[in-house]
Amino acid sequence: MAKILHIWSLSKTFPGQVALQDATFDVEEGEVHALVGQNGSGKSTLIKVLAGFHQPDPGHNVTMNDEVFDIGSVEAAHAAGIRFVHQDLGLVEAVSAVENLALGFGYKTGFGKRIHWKQETKRAKQALLDLGFDIDVRVPVAFLGGAARTGVAIARALQESDRNISILILDEPTANLPGADVDRLFDAVRRLKARGIAVVFVSHHLEEVFEIADRVTVLRDAKVVATVETKELEMSSLIELIVGHKVTAATINRSIDQSLAPRLSVQNLIGPGMDNVSIDVRPGEVLGVAGLTGSGRDTLIPLLSGAMDRIGDVYIDGVAIPAGSPSAAIAAGLAFVPADRLRNGIISMMSVRSNVTLANVKRNAKASRLNHKKEKAEVNDWIGRLSVVTTGSEAPISTLSGGNQQKVMMSRSFRLDPKVLLLDEPTQGVDIGAKEEIHTFVDSAAATGSAVIVASTDSGELARLCDRVIVMYRGQIIETITRGEGSMLEKIDQVLLAGSSLAQK
Ligand SMILES: Nc1ncnc2c1ncn2[C@@H]1O[C@H](COP(=O)(O)OP(=O)(O)OP(=O)(O)O)[C@@H](O)[C@H]1O
Ligand SMILES: [Mg+2]
């Protein structure tokens, strides 16, 4: 197939950090091309330089359709027919798809400058239908599902049929999507491919790469290490290319003393998506929560952490935890990591150090005086343990890559040595190496006697981590799967599949 975009020797240096070094990358007409690599390896940087968001270092050579393409400006990328959807989608959530599309395009106005709403609505409806989304384009996009929202962002990026759009670039489009939504999004990607538009996408979910990509480019430590056709590639070699060495997942080998009193006891929990649920978790036990979005899987941890109002009792070592107060819960020995960490936890003006120590600054203080040296040493220790890519503890957290910001958030909770640790989607957006590091950390939290709950849409993750997995459906536990009864992964997926066919009835 004809190569349309060609990049040679593209580099980008930030103060104190080379984010992209001598990268070579190309895109063929109508292909699906995955871009993978560990957190901080340079994927978003490559995209942002192409988009004109960052200026590249001098010395590069880029062509589009054999003509020199002067990258580094938004206009140049636009004129070259390349479109982008960044991870946050950039939609205005409070208004409809019609308005979101119109905002990006400029309203079509006629005589007397009136907006032709009928025409705009028809146009938006058709653009989304072309992508396979038969949705109500007049409701606020906040009410749409994840895939449909991404669809709106894609439709917005692709409008202007008078221009020749040949490449669409998506940065982690599936990071926050449950499985069924990923399928819908990939359906849209296949439709684009059929229209001759090449799609470049970033993902940490490697099974997606094999499912949909024709080729994959791997970045490691700011360098492109390979571009390979996926049909010539095995999962294990892809992982090795990404990490630079072989990765073996640990197998857990612990036994829970069922005669111990529960460390965490939840009784008759009622709240959004939760219909009278009781759960006990013993010291050293890791309990998984599976289920579709809206089943209760996604609200259990917000309810227990106090982020959402609840009815029902929660006890840690027999002591009642008041409802609706995250700070009382923390004081009682509960720590939690919320799901949408980039929106719900990062304080972007502060340094890596402050973001880590925020929930307990006192640890490194004596008589109200902060021991800066001790605090820095502690933060540096966490940076090392979770392999956070950063120039140091004083770097503003906003300069870290998305996945590395997540790791900083994790260490904020991990360092509290909690009696109860609640993790919501702990490895979303996190690379395969860091995923294993986080899993190992969960193992060690359990080994020291914490009771852990992990809610996750990733069945493989639950099978790797948990002693017991509950599957939720319409606010209730419909199945409990215990380690040692055959393949946990298969069982979880079976129950989930049964649940999703029920949901469609
Ligand atoms: N604005 C910035 N200022 C300073 N350094 C930056 C900036 N943006 C990115 N970096 C650094 O460049 C490196 C590459 O970051 P990039 O965002 O490209 O990673 P990524 O591969 O997209 O990772 P992730 O999978 O976590 O999203 C990181 O080490 C990051 O700290
Ligand atoms: Mg990124």
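# Exercises on a predicted model

With a relative accessibility of 7%, E425 counts as buried.

## Exercise 1. E425 and N65

Task: State where E425 and N65 lie, and determine whether each is buried or partly exposed.

Solution. 

Step 1. E425 is placed in the loop between β19 and α15 (432-447). Buried means under 20% relative accessible area, so the 7% of E425 puts this residue in the buried class.

Step 2. N65 is found in the loop between β4 (61-64) and β5 (67-68). Its relative accessible area is 46%, and N65 is therefore partly exposed.

Step 3. The backbone angle phi is then considered. E425 is not a glycine, yet its phi is positive, at about 45°. N65, which is not a glycine either, has a positive phi of about 50°.

## Exercise 2. The salt bridge of E28

Task: Identify the residue with which E28 forms a salt bridge, and explain which parts of the chain the pair ties together.

Solution. 

Step 1. The partner of E28 is K3; the closest N and O atoms of the two are 3.4 Å apart. The cut-off for a salt bridge is 4 Å.

Step 2. Because E28 belongs to strand β2 (residues 17-28) and K3 to strand β1 (residues 3-14), the pair ties together parts that are 25 residues apart in sequence.

Step 3. The relative accessible area of E28 is 13%, which makes this residue buried. For K3 the value is 36%, and K3 is partly exposed.

Step 4. The pair also belongs to a network of salt bridges that links K3, D26, E28, E31 and R215. The count for the structure comes to 26 salt bridges.

## Exercise 3. Two salt bridges between loops

Task: For the salt bridges R254 with D467 and D317 with K419, find the loops that hold the residues and the separations in sequence.

Solution. 

Step 1. Between R254 and D467 the N to O distance is 3.1 Å. R254 sits in the loop between α8 (235-243) and β11 (264-271), and D467 in the loop between α16 (459-465) and β21 (468-473); the two are 213 residues apart, and the pair links distant parts of the chain.

Step 2. R254 has a relative accessible area of 24% and is partly exposed, whereas D467, at 8%, is buried.

Step 3. In the salt bridge of D317 with K419, the closest N and O atoms are 3.9 Å apart. Since D317 lies in the loop between β14 (311-316) and β15 (319-320) and K419 in the loop between α14 (402-414) and β19 (420-424), this pair ties together parts that are 102 residues apart in sequence.

Step 4. D317 is partly exposed, at 36% relative accessibility. K419 is partly exposed as well, at 37%.

## Exercise 4. The largest cavity and H204

Task: Describe the largest cavity and its lining, then examine the surroundings of H204.

Solution. 

Step 1. Rolling a probe the size of a water molecule over the atoms shows where empty space is left. The structure holds 5 cavities of 30 Å³ or more, and the largest cavity has a volume of about 40 Å³.

Step 2. The residues that line the largest cavity are E172, T174, A175, V202, S203, H204, H205 and G429. Sorted by class, the lining consists of 2 nonpolar, 5 polar and 1 charged residues.

Step 3. H204, one of these lining residues, is located in the loop between β8 (198-202) and α7 (206-212). H204 is buried, at 12% relative accessibility.

Step 4. The side chains of H204 and N39 are joined by a polar contact of 3.3 Å. Not counting residues up to four places away in sequence, H204 touches G37, Q38, N39, K43, E172, G429, V430 and D431.

## Exercise 5. The setting of V389

Task: Locate V389 and list its contacts beyond four places in sequence.

Solution. 

Step 1. V389 is in the loop between α13 (372-385) and α14. At 32% relative accessibility, V389 is partly exposed.

Step 2. Leaving aside neighbours within four places in sequence, V389 is in contact with Q17, N39, L400 and N404.

Step 3. From V389 to Q405 the separation is 16 residues in sequence and 9.3 Å in space, C-alpha to C-alpha.

Conventions:
Residues are numbered from 1 along each chain as its sequence is written. Chains are lettered from A and ligands numbered from 1 in the order in which they are written. This is a predicted model: local features need pLDDT of at least 70, side-chain atom pairs count only at pLDDT 80 or more; totals for chains, interfaces and linings use all residues. Side-chain values use heavy atoms; hydrogens and water are left out. A salt bridge is a side-chain nitrogen of Lys or Arg within 4 Å of a carboxyl oxygen of Asp or Glu. Helices (H or I, at least four residues) and strands (E, at least two) are DSSP runs, numbered from the N terminus. Buried means under 20% relative accessible area, exposed over 50%, partly exposed in between (1.4 Å probe, protein chains only). On a 1 Å grid over the protein atoms alone, a cavity is a set of points where a 1.4 Å probe fits but cannot get out, and a pocket is an open set with protein on both sides within 12 Å along at least five of seven lines; lining residues have an atom within 4 Å of a point. Grid points are joined across faces, edges and corners, and a volume is the space filled by probe spheres set on the points. Ala, Val, Leu, Ile, Met, Phe, Trp, Tyr, Cys and Pro count as nonpolar, Asp, Glu, Lys and Arg as charged, and the others, Gly among them, as polar. A polar contact is a pair of N or O atoms within 3.5 Å; within protein, one must be able to donate a hydrogen and the other to accept it, and residues adjacent in sequence count only if both atoms are side-chain atoms. Contact means heavy atoms within 4.5 Å.
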